[in-house]
Amino acid sequence: RTADLKRSNEDLESFAALWQAYTSGVLIVAATGDHSAALPSARQPANVPFVLGVGGSTWEDRFWDTSVSCMSGTNGSTLGARQIDVTAPASGGVVTTFHYPNPNGFGLYAATSGQCSAAAALVTGAAGYLQSYAREQSPLRRYLLPDELAGILTASARAYRLDPTNGATCPSNLCPREMYGSGVTDLENARLSLQ
């Protein structure tokens with residue numbers, strides 16, 4: 001019971017910090033987590049209403065799920081209600097600047113093979129670019145509010161190449177279409193919406 005109370009206090013503190021950032025004009029972008037749940041389940045902070053939750057896609061604009069299932073697997077995007085808003089590439093040679101001695105021949109940089117954290121980083125970069133573009137080059141000439149920026153990113157996303165609910169291992173009663181977000185982040189579409 002003490003552990004539950006401690007966790008509850010930690011959750012409240014985390015939410016308060018997120019709320020403070022959001023009300024200060026910051027768009028919070030969070031990875032939904034890597035595919036590890038036996039059933040769709042919400043992951044914090046991606047499921048917080050004012051946080052932009054990011055799942056993974058492939059470079060071919062497919063929802064990324066290495067286990068070909070919307071549920072239990074070792075990688076992929078963890079699904080849950082009100083969690084994934086958009087996706088971005090999370091598989092196939094996303095190069096990071098994480099500096100470490102890599103034994104696989106990539107020198108001092110790592111090539112990720114699929115983590116939602118990489119997808120969230122790409123969406124964060126897109127959001128930063130759009131914020132700068134809105135302020136400096138678009139007719140708006142102002143900073144975007146967090147909800148405006150999130151709305152532009154979700155509304156301008158590309159459709160998935162294949163409907164992720166069509167697979168036999170993704171029953172729509174457990175993983176309805178809305179769990180997969182609006183699609184794949186498209187920076188060019190988003191920028192065009194600001195012109």
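The side chain of aspartate 85 reaches the backbone nitrogen of glycine 53 at 2.7 Å, a polar contact in the sense of a pair of N or O atoms within 3.5 Å, where within protein one must be able to donate a hydrogen and the other to accept it, and residues adjacent in sequence count only if both atoms are side-chain atoms. The model is predicted, with pLDDT of at least 70 needed for local features and 80 or more for side-chain atom pairs, while totals for chains, interfaces and linings use all residues. Residues are numbered from 1 along each chain as its sequence is written, and side-chain values use heavy atoms, with hydrogens and water left out.

Aspartate 85 sits in the loop between strand 2 and strand 3; strands (E, at least two residues) and helices (H or I, at least four) are DSSP runs, numbered from the N terminus. With a relative accessible area of 27%, aspartate 85 is partly exposed, a class that lies between buried (under 20%) and exposed (over 50%), using a 1.4 Å probe and protein chains only. Leaving aside residues up to four places away in sequence, aspartate 85 touches Val51, Leu52, Gly53, Thr154, Gly181 and Ser182, contact being heavy atoms within 4.5 Å.

Three strands form an open sheet in the order 1-2-3, with parallel pairing; two strands count as paired if DSSP finds at least two bridges between them. Strand 1 (28-31) and strand 3 (86-89) are the edge strands, each pairing on one side only. On average, neighbouring strands are turned by 40 degrees against each other, direction ignored, with axes being lines fitted to C-alpha atoms, for helices over the stretch in contact, and angles running from 0 to 180 degrees between N-to-C directions. Helix 2 (residues 116-136) packs on this sheet and touches strand 1, strand 2 and strand 3, its direction making about 125 degrees with that of strand 2.

Strand 2 (residues 51-57) pairs with strand 1 over four bridges, and alanine 30 stands opposite glycine 53. Four bridges likewise link strand 2 to strand 3, where valine 86 stands opposite valine 54. Seven of the seven residues of strand 2 are buried. Val51, Gly53, Gly55 and Ser57 point one way, and Leu52, Val54 and Gly56 the other.
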